[in-house]
Amino acid sequence: MLCLLLAVLHWSTPARAADPTQLTLDSIFTAEEFKEAKMETLHWSKKGAYYFALESPGKDKDGKDLPGKDFVRHEVATGLQTIIASAQTLTSPGAKKPLSVDSFELSPDESQVLLFANTKKVWRKNTRGDYWVLNVATGSLRKLGGDAAPATLMFAKFSPDGSRVAYVQKNNLHVQSLADIKITALTADGSATLINGSSDWVNEEELDLRDGFRWSPDSARLLFWQFDTKDVKRFTLVNHADARYPRLTSFPYPKAGEKNSATRLGVVSAAGGGITWLAVPGDPREHYLPHADWTPDGKAVLLQQFNRLQNTLRVMRGDPATGATQLVLTETDKAWVDNKNTIRWIGDDILWLSERSGWRHAYRATLAGEVIPITQGEFDVIDVKQVDAKGSWLYYYASPSNATQRYLYRTSLKGGEPQRLSPADQPGTHNYDMTEDSKLAVHTYSTAISPPVIQLVSLPDHRTIHVLRSQKNLRDKLAALKLPKVEFMRVDIGGGISCDALCITAHDIDKSRAHPLLMHVYGEPAGQTVRDAWSGQRGLWHWMLAQQGYVIASVDTRGTPSPRGRDWRKSIHLQLGIMNSREEAAATKAVLERFTFLDRQRVGIWGWSGGGSSSLDAIFRYPDLYQTAMAVAPVPDRQLYDTIYEERYMGLPKANAEGYRLGSPITHAAALKGNLLIVHGTGDDNVHYQGTEKLINELIAKNKRFTVMPYPNRDHAINTGKGTQRHLYELMTNYLHQHLPVN
């Protein structure tokens, strides 16, 4: 009994509340009254204490934003702002409007600026567009790419000597001279199935490998990735909405257990010529090459190779002249090795992150294979921010006593005690964009109840130089609301396991009445929901529900990427969907026991992507605990998701067939008792609508009542198209009102 929810639900668009202290869908999603002021893209200068940014040129006489962006230099000491190139200057000859610039790169001597404009989305990010070079001294503007079609260049970047720019166009690597604008094609075999200098879908999505080439330090050669996808099975997206007949988008997508692209690394002269392929051992379809770069002296290449299960990571040194490779270092883990080792140099050594001690720590690894600890102790290095080899410091994020927060620390590269740089009186989440010498940073600080304040600070004293974004307007609007109470806690789920949790309630909740509980879940290794950080519109939606009488809770169970040690994160190995759903149910019961004003007969759960899968697991596996579930973009069958993600955590389907079966929500669909809403974009290239259709068929076969909302041609984010985001959150709000009502 499928309810295709287009106009079937009783749809009552909530009017704007008369009470200005209450949040509404209008104020959050339509008027965007609570949108924070963000910083534009900026780059620190390497020549002095200033930074460059693209900024709005202001408003016209009618109060509308003027088109284009100004390119502005900001002096740190004085706060002086100098427009280096106005939006009018950044207008191509004959054009009526300035370039629509998304980002920029400075040449090494900062005399030129590479502008990325007219950008187009390629899967998750805008990585295709036009590139223009701005001469800072003269203000002249030149377009790169010759007669290339508009918006077809990718990943352009200056050579280290600033004389040339390399880029990818139609899956081939090119170099263009800035002196005479001559273009040299370095590869010519690029095609729909052979990719040079960029990445295939699965490596982009799961290994964050997009920009697939690296200049040598002397600007003479380029190292690049090549992906041969011709034997990879293709997936086809069908767009019914934009034309009279369907439009098809087909692309190589290896599902769990299927054949991958053949991947290799080549070295080619910047002047063109023959390619030297690195002799990396092993089947190129059964291994991944997540990172590679030149050694600082340019005499060799350093590369990393994962085996298919991603439980062994090998570091090799390659000879760019002969292609010969030599093993340098091997990292193993019984579960999986995280892909966190971007190549960072400490002189002739590399920075290495490892969980070999039971905690994620930083090490100094020599190219002779010696591994020397830098950080030590019972805490995790969450992520590395910067290696300051000259100052002999490692800057990194950590939070030893509270896994929901993030702080900046530093430790001597020779080892020693960690030093916390983030202020002690600012508990929450801190992020930094630092200068190369680590003396200045743009610092962003927020909590779960306070929006991000952005400051210019000096380091290591953390003195505020300028406040860049105070969020005063947003703070004033929030101050006028009856803000809910946000409480962080630990919940005991048995077996000696306590989980981080948060709970959101109305500030004046009536504890004499029973209230519905809505759990927000992710539950897989790719995401953490319990964070003491500003969560934007989704967080405000949770606040709105709390004002209406709902209690919103979230728990990070084992397997989520909390900084609580290797065993915490990797205990879920081979058990996705199994262990996390069991612990989520135990956590839900613990929340119900902790708050006596919750109604055990009105318990709901919702999540997105992995959280959508977790929501399906919850209502299918524990039908007597959850009465309502809303699953957005879920993976109902684990064998339908991609090789790199699924095999990393679940192994190969043939080797763990029972794990894949029991870990897939569709296996347990027959147990559905309560109310289920499934939401999915039909154009989702990541988690395919195919899985939702398979689940629909299974639920129909079992004669189950449920509701599904397909968003035509929307991708995984379901945020494109006029009114989409507002529609989605109104859909879910009304579903809760109907099936998990506040009495």
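I began with R364, which forms a salt bridge with D349; the closest N and O atoms are 2.8 Å apart. I then placed both residues. R364 lies in strand β28 (residues 361-365) and D349 in strand β27 (residues 349-354), so the pair ties together parts that are 15 residues apart in sequence. I noted that this is a predicted model.

Next I asked about accessibility. Is D349 buried or exposed? D349 has 16% relative accessibility, so I put it down as buried. The cut-off for buried is under 20%. R364 has 25% relative accessibility, so it goes down as partly exposed.

**Entry: the total**

I looked up how many salt bridges the structure holds. The count is 42.

**Entry: D333 and R566**

I picked another pair. The side chains of D333 and R566 meet in a salt bridge, at 2.7 Å from N to O. Where do the two residues sit? D333 is in the loop between β25 (325-332) and β26 (345-346). R566 is in helix α5 (residues 566-570).

D333 and R566 belong to a network of salt bridges. Which other residues are linked in this network? I listed D338, E355, R360, D380, D567, R569 and K570.

**Entry: E698 and K702**

I moved on to E698. The side chains of E698 and K702 meet in a salt bridge, with 2.8 Å from N to O. I looked up how accessible each residue is. E698 comes out at 25% relative accessibility and counts as partly exposed. K702 comes out at 38% and also counts as partly exposed.

**Entry: a four-stranded sheet**

I left the salt bridges and turned to a sheet. What is the order of its strands? I wrote down β30-β31-β32-β33, an open sheet of four strands with antiparallel pairing. Which strands stand at the edges? They are β30 (383-388) and β33 (419-420). Each has a single partner strand, so one side of each is left without a neighbour in the sheet.

I followed β30 to its partner. Five bridges join β30 to strand β31 (residues 393-398), and the two run antiparallel. Last, I looked up which residue stands opposite Q386. It is Y395, in β31.

Definitions and conventions
Residues are numbered from 1 along each chain as its sequence is written. This is a predicted model: local features need pLDDT of at least 70, side-chain atom pairs count only at pLDDT 80 or more; totals for chains, interfaces and linings use all residues. Side-chain values use heavy atoms; hydrogens and water are left out. A salt bridge is a side-chain nitrogen of Lys or Arg within 4 Å of a carboxyl oxygen of Asp or Glu. Buried means under 20% relative accessible area, exposed over 50%, partly exposed in between (1.4 Å probe, protein chains only). Two strands pair if DSSP finds at least two bridges between them.
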